[in-house]
Amino acid sequence: LPYPDVIMLYPYEEVDTVMLVNNITDGSKYNCKVLDLSTYEIVADFESIEDFMTNKQIKDLGYLVKLDTNGANPTVIKDLIDNKLVDHIAMDIKGSFVNYNEIVGLTSLDLNNIKESIKVLKTSGISYEFRTTLVKEFHNEERVKEMKDIVKGAKKMYLQHFVSSSNCINPSLHEVSLEDAKKFKEILQDSVEFISLRGYEE
């Protein structure tokens, strides 16, 4: 959602919802149109999102709500959609299911949950996007071709530029070149309605 003023919230942060709603209402602290809820890696603490959203305080104020998620909890995603508590969902698809667990660094991740979240979004009728951050060690032509069936029929997808930083858990990871990113885009473009590179200077 391309709005200039966005409040970002993370479930592992303590949020005083009464204070937040009051500030949004009187405009003394925030001047925004969108509330962006960004879930922690495995939506480990959904309760803070649920408590904050299900009372519909934010929606009742007329604000748009965007959720960023990795899709590990499809039940949560479906509940938010069914209760009309979210307007746009951006879901990370890490890569091919062949090396998905390697990418996220978790052997215990249930890929069936990821698949179900993808299905929920494709059939939801709400605004959504899938996004994959391209990393040289995890994404090549073979792996990207394996993603064609995963994203088939999706409305919108972004291939994102990986930027290494001091905050990166694995400093040995490298970016995918613009040339290769364009090739990956061509591989997937017949599977989705819209696909674009994000973070690359074309």
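This is a predicted model: local features need pLDDT of at least 70, side-chain atom pairs count only at pLDDT 80 or more; totals for chains, interfaces and linings use all residues.

The side chains of Arg131 and Asp92 form a salt bridge, with 2.6 Å from N to O. By salt bridge I mean a side-chain nitrogen of Lys or Arg within 4 Å of a carboxyl oxygen of Asp or Glu. This pair connects distant parts of the chain, since Arg131 is in strand β5 (residues 127-134) and Asp92 in strand β4 (residues 88-92), 39 residues apart. Both Arg131 and Asp92 are buried. On the terms: buried is under 20% relative accessible area, exposed is over 50%, and partly exposed is in between, with a 1.4 Å probe and protein chains only. Helices (H or I, at least four residues) and strands (E, at least two) are DSSP runs, numbered from the N terminus.

Residues are numbered from 1 along each chain as its sequence is written, and side-chain values use heavy atoms, with hydrogens and water left out.

Asp92 also meets the side chain of Lys94 in a salt bridge, at 3.8 Å from N to O. Lys94 is buried, as is Asp92. A further salt bridge joins Arg198 and Glu129, at 3.1 Å from N to O. Arg198 lies in strand β7 and Glu129 in strand β5, so this pair ties together parts that are 69 residues apart in sequence. Through shared partners, salt bridges join Lys66, Asp68, Asp92, Lys94 and Arg131 into one network. The count of salt bridges comes to eight.

Let us turn to the strands. Strand β5 is mostly covered, with six of its eight residues buried. How do β4 and β5 run, parallel or antiparallel? They run parallel, joined by five bridges; strands are said to pair if DSSP finds at least two bridges between them. Met91 has Phe130 in β5 as its bridge partner. Five bridges also join β5 to β6, again in parallel, and here Thr132 stands opposite Leu159 in β6. Strand β6 (residues 154-161) pairs in turn with strand β7 (residues 192-198), in the parallel sense and over six bridges. Met157 has Ile195 as its bridge partner in β7.

Together, β6, helix α9 (residues 178-188) and β7 make a right-handed β-α-β unit. Right-handed here describes a crossover in which, with the strands pointing away from the viewer, the path from the first strand over the helix to the second runs clockwise.

Gln160 is placed in strand β6 and counts as buried because its relative accessibility is 14%. Its side chain joins that of Thr133 in a polar contact of 3.0 Å. A polar contact is a pair of N or O atoms within 3.5 Å; within protein, one must be able to donate a hydrogen and the other to accept it, and residues adjacent in sequence count only if both atoms are side-chain atoms.

Now to the core. The largest nonpolar core has 39 residues, and those with the most contacts inside it are Ile93, Phe130 and Met157. Such a core is a set of buried Ala, Val, Leu, Ile, Met, Phe, Trp, Tyr and Cys residues joined through side-chain atoms within 4.5 Å. Helix α6 gives the most to this core, with five residues. Apart from it lies another core of five residues, among them Ile103, Val135, Phe162 and Leu173.

Finally, Lys122 is located in helix α6 (residues 111-122). Lys122 counts as partly exposed because its relative accessibility is 27%. The side chain of Lys122 reaches the backbone oxygen of Lys152 at 2.7 Å. The C-alpha atoms of Lys122 and Lys152 are separated by 9.4 Å, and the two residues are 30 apart along the chain.

For the protein overall, the secondary structure comes to nine helices and seven strands, and buried residues make up 44% of its 202 residues.
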